[in-house]
Amino acid sequence: MVSLYPLVQNEMIKMLKKRRFLVVVLILAILIPMFTYAQMKVAENYRKQFGTEDWRVTTQQQIIDYTNRLNSNRVAEEWKKILRVEVQRLQYALEQNVNPQWPSGVTFMRDFVQNSVSLFIPLLIAVMASDIISSEHSTGTIKLLLTRPVQRWKILMSKWVTLILFVGLILLSTAILSYLISGAVFGYSGWNMPVLIGYQLIGDELSTANVHAIPQWQFILMEIGLAWFSGVIVATLSLMVSVLVRSTAASMGIMLATLIAGTILTNMVSTWESAKYLFMVNLETINYLTGSIPPVPGMTLTFSLATLAVWGVAALIIAFTVFTRKDIMN
């Protein structure tokens, strides 16, 4: 009987030989400077618009701007809900003397990971994971692999463990590259800057009863942990699709279409309560830390984590059941 470790080692080597991880790193290295430049231009526009670098003045001006929008009949009610919450958050930041837009490489990294967890990072994961089984059908290497004295469940388990490791590598690469590249523009300080968490949304009101400040490094660890969990679920579902579909193109197409559709749904499903049970709608777990409005009213961090876990377990059961019983040799 072959142990799991050499199988995982073999899968890691195969994944690296495909050079898709290198492609992922190159994509990050190209896109992050673009986002950094965009962030720099936004900061410059703020300074020009408000004529000062005092964050309290710019925050007060933002509150005034959002309040004016709330009084406009042209703004949809859904956007007004978001604006009301944002006004309350900014007012609380002023009261606690915490700059909500501290410009630094650390803050850029924090915001980049948060904004990427719903689509960008899952797409990178899906690109790497969707063909982990289907590509071996296309090349015929799956037959060679199954001729070895290894139980099928161990083969699939080694592939799943490999995907979990690569999810961590993708997130680590994202965090390091965003910090290093943006830090060259904004500076590398800010690790101990306070970040407010513990917001609770009750109806349309933002409760600050449990709000407290934590160091930014601690928030980033929490953020990456939640992003990793969401990424593992996407990788697990990609593994299931790769088992069910023999075509690499079809496998990738299904996952990419599902993730993109999920992003669209997240912005449209506030009145479709059943949509909260879709895994795509629950990927933005980091937003719960900052008190953002959930896609469907009533959703909480616990609910989203539990929903994602159910999808992940179900995908594993289906993948292992089909892979161990499927007639792969023909």
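Reader: In which helix is Val322 found?

Author: Val322 is found in helix α12, where a helix is a DSSP run of H or I of at least four residues, a strand is a run of E of at least two, and both are numbered from the N terminus. Please keep in mind that this is a predicted model, in which local features need pLDDT of at least 70 and side-chain atom pairs count only at pLDDT 80 or more, while totals for chains, interfaces and linings use all residues. Residues are numbered from 1 along each chain as its sequence is written, and side-chain values use heavy atoms, with hydrogens and water left out.

Reader: Why does Val322 count as partly exposed?

Author: Buried means under 20% relative accessible area, exposed means over 50%, and partly exposed is what lies in between (1.4 Å probe, protein chains only). Val322 has 25% relative accessibility, and therefore it counts as partly exposed.

Reader: Which residues does Val322 touch, not counting residues up to four places away in sequence?

Author: Val322 touches Val243 and Leu244, and a contact of this kind means heavy atoms within 4.5 Å. Val322 and Val243 are 79 residues apart in sequence, yet their C-alpha atoms are 7.3 Å apart in space.

Reader: How do you know that the span of α12 agrees with its 25 residues?

Author: The expected span of a helix is 1.5 Å times one less than its number of residues. For the 25 residues of α12 (residues 301-325) this gives 36 Å, and because its end C-alpha atoms are 36 Å apart, the two agree. Among the residues of α12 that are buried are Leu308, Gly312, Leu316 and Phe320.

Reader: What makes α5 largely enclosed by the rest of the structure?

Author: Ten of the twelve residues of α5 are buried, so this helix is largely enclosed by the rest of the structure. The buried residues include Gly105, Val106, Phe108, Arg110 and Gln114.

Reader: Which residues of α5 and α6 meet?

Author: Phe112, Val113 and Ser116 in α5 meet Phe120, Ile121 and Pro122 in α6. By class, this contact of α5 with α6 has five nonpolar, one polar and no charged residues, where Ala, Val, Leu, Ile, Met, Phe, Trp, Tyr, Cys and Pro count as nonpolar, Asp, Glu, Lys and Arg as charged, and the others, Gly among them, as polar. The axes of α5 and α6 come within 6 Å and cross at roughly 65°; such axes are lines fitted to C-alpha atoms, for helices over the stretch in contact, and angles run from 0 to 180 degrees between N-to-C directions.

Reader: Why are α6 and α11 called roughly antiparallel to each other?

Author: Angles under 35 degrees count as roughly parallel, over 145 as roughly antiparallel, 65 to 115 as roughly perpendicular and the rest as oblique. Helix α6 (residues 120-129) and α11 pack at an angle of about 170°, with their axes 9 Å apart, and α6 and α11 are therefore roughly antiparallel. Pro122, Leu123, Ala126 and Val127 of α6 make the contact with Met252, Met255, Leu256 and Leu259 of α11. That contact of α6 with α11 has eight nonpolar, no polar and no charged residues.

Reader: At what angle do α10 and α11 pack?

Author: Helix α10 (residues 216-244) and helix α11 (residues 248-266) pack at about 140°, and their axes are 9 Å apart. Val234, Leu237, Ser238, Val241 and Ser242 in α10 meet Ser251, Ile254, Met255 and Leu259 in α11. By class, six residues in this contact of α10 with α11 are nonpolar, three are polar and none is charged.

Reader: Why is Arg19 called exposed?

Author: Arg19 has a relative accessible area of 59%, and therefore it is exposed. Arg19 sits in the loop between α1 (4-18) and α2 (20-50), and it has a positive phi of about 65° although it is not a glycine.

Reader: Why does Pro215 count as partly exposed?

Author: Pro215 lies in strand β4 (residues 212-215), and because its relative accessibility is 26%, it counts as partly exposed. Leaving aside residues up to four places away in sequence, Pro215 touches Trp191, Asn192 and Met193.
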